[in-house]
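I opened the model today to look up a few things. My notes follow in the order in which I checked them.

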Amino acid sequence: MSRFDGRVVMVTGGATGIGFAIVEELLSEGGAVVLTGHDAVQIRDAAAQLGQQRVVTVAADVRDQAALHHAVQVAVDQWGRLDGLVCAAGIQIPGTVGTMLEADWQQVLDVNLTGAFRAVKAALPALSLAGGAIVLLASVQAHLGKRNGVAYVAAKGALVALTRAMALDHAESGIRVNSVSPGVVDTPLLRQAASRVAGADQVEALVAGWAQAQPLGSARGRPCMPRDVARAVLFLLSDEAHYISGADVAVDGGLGAKLAL
Ligand SMILES: NC(=O)c1ccc[n+]([C@@H]2O[C@H](COP(=O)([O-])OP(=O)(O)OC[C@H]3O[C@@H](n4cnc5c(N)ncnc54)[C@H](O)[C@@H]3O)[C@@H](O)[C@H]2O)c1
């Protein structure tokens, strides 16, 4: 018997990076998954890579409430239930308050923060029937400031606060809500961020340097990989975490414990 046998989980931003690793881990532990994303090519590639019966892919931009309601309906139509929701969709646009266009600020908040609000809104009715669990992907940047990323830092900080508020609101319905705050994880998002601050030939060195800044990164000689984050997410979704709600779990290799002097 696997931990997620008979369980159904919806993952936003599930086609790449951390979201995709969560999908893979859920499938390997017996779960069924509704994989959602906004990019048709990414979704098609993810589906081809997974090639499984227990996953359905649904094109759903987290800025589109109706599309998210449809994705939940697909889960209910296909498997008759929804036990979990993971909000992994996220984007970064750099900038300070001085340099950033308001439209870019709005876009980062719309996808990272309001996107989670919309996905939870869509999933709540089905989750409350199953007594389900929600996990939001926040960031070490929710807890520690980073230069030139005001919108992302603000959105991630708000996600951690939203986690606590929702944990209180939905406890009576048997729904647990937690967040996970990754540090530096080797994904397309991270590599895009690296390519914005360094030339293409410097990306590898920059990613390695960021990984080394995490105490476990330098100790283990490798960056945090999406699967390392996925394991924490699966724990929070699972019955092993049945008394945990309103918590944030750091998967940052000790980065948040470090004084950067
Ligand atoms: N990589 C890191 O170091 C790191 C660190 C902390 C937090 N995170 C968070 O983890 C989550 C996953 O990021 P990742 O690093 O795997 O990057 P990623 O770019 O691989 O994943 C982000 C996913 O979100 C999807 N997405 C973007 N806009 C969307 C929209 N409007 N609607 C639906 N989906 C959309 C993308 O298509 C992609 O699949 C994000 O929330 C990110 O902020 C990442």
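Predicted model: local features only at pLDDT ≥ 70, side-chain atom pairs only at ≥ 80, totals over all residues.

Which residue's side chain does the side chain of E25 join in a polar contact? I found R227, at 2.7 Å. I take a polar contact as a pair of N or O atoms within 3.5 Å; within protein, one must be able to donate a hydrogen and the other to accept it, and residues adjacent in sequence count only if both atoms are side-chain atoms.

Residues are numbered from 1 along each chain as its sequence is written, and side-chain values use heavy atoms, with hydrogens and water left out.

I placed E25 in helix 1. Helices here are DSSP runs of H or I with at least four residues, strands are E runs of at least two, and both are numbered from the N terminus. E25 counts as buried because its relative accessible area is 12%; buried means under 20%, exposed over 50%, partly exposed in between (1.4 Å probe, protein chains only).

I then went to R44, in helix 2 (residues 40-50). R44 is exposed, at 55% relative accessibility. Its side chain makes a polar contact of 3.4 Å with the side chain of D45. I also checked R44 against A59: 15 residues apart in sequence, 9.8 Å from C-alpha to C-alpha.

**Ligand.** I listed 27 residues around the ligand, with T16, I18, Q42, Y152 and T187 the closest. To be listed, a residue needs a heavy atom within 4 Å. A side-chain N or O atom of Y152 is 2.5 Å from a ligand oxygen. For T187, a polar side-chain atom lies 2.6 Å from an oxygen of the ligand. The protein covers 96% of the 820 Å² of accessible area that the ligand has on its own, by the Shrake-Rupley method with a 1.4 Å probe. Helix 6 gives the largest share of the shell, three residues.

**Core.** Last, I looked at the largest nonpolar core and found 43 residues. Such a core is a set of buried Ala, Val, Leu, Ile, Met, Phe, Trp, Tyr and Cys residues joined through side-chain atoms within 4.5 Å. M10, L82, L85, I134 and L136 have the most contacts inside it. Helix 4 (102-130) is one of the elements that supply at least two residues. The largest share, 12 residues, comes from helix 4.
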